[in-house]
Amino acid sequence: MSDTLVEFVIAADPPPRLDKALARDVPESASLSRSRLVRLLADGAVAVNGAVVRAPKARVAEGDAVAITVPVAEDSHILPEAIALDVVFEDADLIVINKPAGMVVHPAPGSPSGTLVNALLHHCGDALSGVGGKKRPGIVHRIDKETSGLLVVAKSDRAHHGLAAQFEKHHVERLYRALCYGVPDAGDPRLRGMRGVSFESGGIMKITANLARHPADRQRQAVVQSGGRHAVTRAKVRRAFGGGALAELDCWLETGRTHQIRVHMAYAGHSLLGDPVYGGRRVLAKTALTPEAAETLRAFPRQALHAATLGFAHPVSGEMLRFEAPLPADMAGLIAALEAGAG
């Protein structure tokens, strides 16, 4: 394969800066994001009227001829691995995966292999047209290692740019299924008095509380009263178990911060079942569950959280897409045990 030459002419009333003019006028078929164009400028791959231009702030005029030499996408340093994937949807630009609990999304020092990215590199192969100049999947959002469910990954630069914009503007529908301790109730005076907690019609609890890294443990997030990143979670009770000892929830993300649902629910006093970081094990009344149900709960190995619904506009075609993933066997089994064993 050889480099690709993208040629076009600057249209009328161009922005004052070259980088912004390129982002406006580059053909969509070139699949070049704004950040990719900036890197190509820095690499000397952009010529205006035959002369190489590297300065993003350079002036351009209507009718200027632009030629961009796009090099062949480089292979990623991450190795492909033949790991089975539950593919919900796939086309030339993106892929939607139902991730199992226990799988890390992206390689990190503690998880250098066996990740979703390793699996996608093997699954997609040459179908990856290149994100940021490398043959790699474009990760636009993540779910925790021990959280199961849906996530979308870009296979092309244009899809990566379009999806990232939707997530940044909070235009993506994300609904999670969860199990928590206690039952969030609009009539609870404790919740009514908590800063950042309110209730909307239909009994929906809204938590608006900024998140930042925990001051004593950099692997955790914490609610902060000043600074941090804006975060909003909504939760509605689907049903209660054990006389109000436990509840099944629907949770909606308005924003998508690290560990957001887990931290917000713990802040509200309703931490998720099985969450080893923010929840811990609570002592339930002996009459709440049968011994069998209580043992199933004790043995549940992870936070009870599943990304069940994902909806967004296709970043290339504009078609509205919406996907649903059923509860995984471990969560479905836990709910069945709680239903059968409620005291």
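**Cysteines, strands, a cavity and an aromatic cluster**

Cysteine 124 is buried, at 8% relative accessibility. Buried means under 20% relative accessible area, exposed means over 50%, and partly exposed lies in between, with a 1.4 Å probe and protein chains only. The model is predicted, so local features need pLDDT of at least 70 and side-chain atom pairs count only at pLDDT 80 or more, while totals for chains, interfaces and linings use all residues. Residues are numbered from 1 along each chain as its sequence is written, and side-chain values use heavy atoms, with hydrogens and water left out.

Stay with the cysteines. A disulfide is a covalent bond between the sulfur atoms of two cysteines. The cut-off here is a pair of cysteine sulfur atoms within 2.5 Å. A search of the whole structure finds zero disulfides. Cysteine 180 is in no disulfide. The nearest cysteine sulfur belongs to cysteine 251 and is 7.7 Å away. Cysteine 180 counts as buried, at 0% relative accessibility.

Now turn to the strands. Helices (H or I, at least four residues) and strands (E, at least two) are DSSP runs, numbered from the N terminus. Two strands pair if DSSP finds at least two bridges between them. Strand E13 (residues 204-208) and strand E16 (residues 232-241) run antiparallel. Four bridges join E13 to E16. Isoleucine 207 stands opposite threonine 233 in E16.

E16 also runs antiparallel to strand E17 (residues 246-253), and eight bridges join E16 to E17. Arginine 239 has glutamate 248, in E17, as its bridge partner. E16 and E17 form a hairpin with four residues between the strands. In this hairpin, glycine 242 takes a positive phi near 60°.

Next comes the empty space. Rolling a probe the size of a water molecule over the atoms shows where such space is left. On a 1 Å grid over the protein atoms alone, a cavity is a set of points where a 1.4 Å probe fits but cannot get out. Grid points are joined across faces, edges and corners, and a volume is the space filled by probe spheres set on the points. The whole structure holds one cavity of 30 Å³ or more. The largest cavity has a volume of about 30 Å³.

Lining residues have an atom within 4 Å of a point. For the largest cavity they are His141, Leu150, Arg174, Tyr176, Ala307, Thr309 and Leu310. Strand E11 (173-181) and E18 each give two or more residues to this lining. E18 gives the most, with three residues. The lining divides into four nonpolar, two polar and one charged. Here Ala, Val, Leu, Ile, Met, Phe, Trp, Tyr, Cys and Pro count as nonpolar, Asp, Glu, Lys and Arg as charged, and the others, Gly among them, as polar.

Last come the aromatic rings. Rings of Phe, Tyr and Trp (its six-membered ring) pair if their centres lie within 6.5 Å; planes under 30 degrees apart count as stacked, over 60 as edge-to-face and the rest as tilted. The structure holds two aromatic pairs. Phenylalanine 89 and phenylalanine 323 form a tilted pair, 5.5 Å centre to centre with 40° between the planes. Phenylalanine 89 lies in strand E6 (residues 87-90) and phenylalanine 323 in strand E19 (residues 320-324), so the pair ties together parts that are 234 residues apart in sequence. Phenylalanine 89 is partly exposed at 24% relative accessibility, whereas phenylalanine 323 is buried at 10%.

Phenylalanine 312 and phenylalanine 323 have ring centres 6.1 Å apart and planes at 40°, so this pair is tilted. Phenylalanine 312 sits in strand E18 (residues 305-313), eleven residues from phenylalanine 323. Phenylalanine 312 is buried, at 0% relative accessibility. Together, Phe89, Phe312 and Phe323 form one aromatic cluster.

Notes. 1 Å grid on protein atoms, 1.4 Å probe; cavity = no way out; pocket = protein on both sides within 12 Å on 5 of 7 lines; lining within 4 Å.
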